[in-house]
Amino acid sequence: MSEKVFYITTPIYYVNDVPHIGHAYTTVACDAMARFKRMMGFDVKFLTGTDEHGQKIQAKALEKNITPQQLVDEIHLNFKKLWQTLNISNDDFIRTTEPRHIKAVQNIFKKLLDQGDIYKGTYSGYYCVPCETYVPESSMKENKTCPECGRPLILMQEESYFFKCSKYVQDLINYYEKNLKAVMPKIRYNEIMSFLKSGVRDQSVSRTSLKWGIPVPGDENHVIYVWFDALINYIAALGYPDNLEEFKKFWPHVRHIVGKDIIRFHCVTWPLMLLALGFNLPVEVVAHGWWTSEGEKMSKTLGNVVDPFEMVNNYGLDPFRYFLLREIPFGNDGNFSELALVNKINSDLANDLGNLLNRTLQMINNYKNGIVPECNNPKSDLSELAELTIKNADEAMNNYNFDEALKFIWEFIRRANKFIDEYSPWKLAKDPEQSEKLNFVLVNLYEALKFSALLIAPFMPDTAKRIYNQLGINCEPVKELYKNFKWGVSSGNKINKSEVLFPRIDVEEWRKNKNKMSEEQEIKQENKIIEHEAEINIEDFRKIEMRVAEIIKCEEIKKSKKLYKLELNLGFETRTVCSGIKAFFTPEELTGKRVILVTNLAPAKLCGVESNGMILAATVKNEGNTEQLTLITPEKDIPLGSRVS
């Protein structure tokens with residue numbers, strides 16, 4: 001790379017989310033890249049921020065009886081707190097409610113409107129409120145649910161402004177065919193190219209059903225669609241449209257790091273907008289994968305969401321940062337296991353890096369009174385490997401292979417440990433004639449530690465500084481440049497050996513503590529206060545029509561492992577209902593049973609069968625702590641069709 005300017009961004013995180021490991025992963029990766037590029041001599045700008053508009057925010061604020069602005073002012077601080085906890089070195093933090101962002105969005109909307117790339121029409125489609133996106137019928141899951149979050153979609157029809165995506169699709173395809181690394185990894189590039197070649201329709205970019213957003217300039221009945229709004233943050237943070245000097249400096253060198261779930265917004269919608277504006281496209285958009293927890297998908301229901309605050313508190317910041325970037329290739333999905341984190345701390349951090357520091361400083365203390373000795377010719381295979389390591393790490397980082405960069409660094413650290421064993425300094429110290437050779441060994445080990453601190457500084461900045469302190473170097477490694485490092489010029493430095501860098505974790509003791517914590521958590525879960533739904537009034541309750549019915553027929557639905565198709569007699573009519581109770585009852589057990597049926601539930605199609613109602617049931621745990629389902633049945637022989645109230 002010839003240019004020495006680098007602009008890297010995270011997506012702006014939606015403030016209605018609770019910060020989790022996915023947010024930490026994206027931002028730590030961006031931070032490591034930004035720090036590495038600064039140390040390589042680049043002029044770096046690193047942006048993160050929060051997305052604060054949309055329907056979810058409006059609904060949540062209404063529920064809490066506060067304004068949307070009050071709500072986002074409160075909860076965007078969660079992300080700022082996490083970035084402080086994770087030692088993130090961002091140069092800017094943008095909120096989409098800031099005047100600079102609003103001005104940029106309205107300026108761009110008006111520009112595209114004036115040049116005919118935005119026009120007014122009517123939109124009808126299925127919308128996912130949590131994901132803030134319309135979903136085409138071809139992408140819907142069963143029963144008109146969202147393919148991303150699984151929640152029910154809402155049919156919406158409204159007047160809307162549209163962006164002429166279709167006008168620029170071929171230009172974008174041409175760009176990607178010439179720039180094969182514009183979307184990374186390769187699997188995401190293929191996904192985007194396939195999507196573009198299948199045809200892209202014009203995009204709805206405004207809403208009339210929503211008030212919490214940026215008004216369309218000149219038509220305040222509309223607010224600008226949250227994803228059109230949010231993407232513009234990347235250039236709003238550069239001062240566009242007022243400060244074009246900074247915009248012209250950084251924008252040609254922009255890289256976005258995002259989760260794979262929002263890749264289409266960043267690799268289709270956003271570049272099409274940029275083409276219409278006449279701006280250059282991002283140099284690279286890199287999509288990382290998702291984390292599972294102990295092999296399972298993370299969810300609040302399962303209680304297995306990894307809390308980054310908790311991980312930092314329990315294991316330390318730098319071990320957590322190291323694990324996130326070392327455990328899996330950046331574009332892949334990965335499993336977060338606390339045991340794997342503990343093992344990485346013990347092997348890589350305590351055994352390799354910690355031992356190298358402890359053994360080297362102990363020998364300099366014992367044999368040279370804590371002073372780095374002089375050496376006439378300190379060059380060795382270690383110094384040669386140092387040059388190769390930074391070259392390999394640079395290449396890996398240019399491809400966003402954080403794990404590969406760290407592997408190269410650890411090969412160097414392990415070679416330094418092996419260097420001790422090969423030369424056996426404790427034997428050299430006993431022979432006065434080997435004094436020069438002892439100096440050679442100790443100087444090489446000291447320089448290896450100094451260079452190791454520089455190598456790990458982008459990934460573990462606090463640890464690098466702690467190593468420098470023990471080496472007696474009074475500056476911050478992250479503020480150094482790799483090109484300025486010189487091997488063997490530290491003679492006379494007085495070391496400052498202090499605490500163990502990474503104490504080993506007793507795995508058996510750790511297991512006992514984890515088991516104890518799990519048991520305590522289970523007890524808390526069993527004794528927790530029951531959470532209630534929002535209160536309803538008597539009129540709301542009266543709207544629910546429940547009647548006594550008898551199951552007269554029960555059939556399996558071949559497409560489903562959970563559902564039965566039930567025929568229910570209400571006395572005055574027969575209803576078909578799909579019910580997910582196959583795991584708990586046989587057809588024979590259900591036939592002839594009287595149940596309570598909600599009869600005015602809107603029809604729903606499940607596995608191709610239209611269901612008209614829902615039978616009432618309760619889940620209980622038996623003595624073996626397994627779940628059992630109980631149907632709610634009338635106590636006496638009440639006539640079929642009788643209303644329950």
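Trainee: Which residue forms a salt bridge with E177?
Mentor: In this predicted model, where local features need pLDDT of at least 70, side-chain atom pairs count only at pLDDT 80 or more, and totals for chains, interfaces and linings use all residues, the pairing can be read from the side chains. Side-chain values use heavy atoms, with hydrogens and water left out, and residues are numbered from 1 along each chain as its sequence is written. A salt bridge requires a side-chain nitrogen of Lys or Arg within 4 Å of a carboxyl oxygen of Asp or Glu. With the closest N and O atoms 3.6 Å apart, the partner of E177 is K197.

Trainee: Is K197 buried or exposed?
Mentor: Buried means under 20% relative accessible area, exposed over 50%, and partly exposed in between, with a 1.4 Å probe and protein chains only. E177, at a relative accessible area of 42%, is partly exposed. K197 has a relative accessibility of 55%, and therefore counts as exposed.

Trainee: How are α5 and α6 oriented to each other, roughly parallel or roughly antiparallel?
Mentor: Helices are DSSP runs of H or I with at least four residues, numbered from the N terminus; α5 covers residues 169–178 and α6 residues 186–197. Their axes, lines fitted to C-alpha atoms over the stretch in contact, with angles from 0 to 180 degrees between N-to-C directions, lie 10 Å apart at an angle of about 155 degrees. Angles under 35 degrees count as roughly parallel, over 145 as roughly antiparallel, 65 to 115 as roughly perpendicular and the rest as oblique. The two helices, α5 and α6, are therefore roughly antiparallel.

Trainee: Which residues of α6 make the contact with α5?
Mentor: Contact means heavy atoms within 4.5 Å. On the α5 side the contact is made by V169, L172, I173, Y176 and E177, and on the α6 side by Y189, I192, M193, L196 and K197.

Trainee: How many residues apart in sequence are the parts that R321 and D31 tie together?
Mentor: R321 and D31 form a salt bridge whose closest N and O atoms are 2.7 Å apart, and both residues are buried. Since R321 lies in helix α12 (residues 317–326) and D31 in helix α1 (residues 21–39), the separation of the parts tied together is 290 residues.

Trainee: Which helix holds R415, the partner of D381?
Mentor: The side chains of D381 and R415 meet in a salt bridge at 2.6 Å, N to O. D381 is partly exposed at 34%, whereas R415 is buried at 17%. D381 lies in helix α14 (residues 381–398), and R415 in residues 402–423, helix α15.
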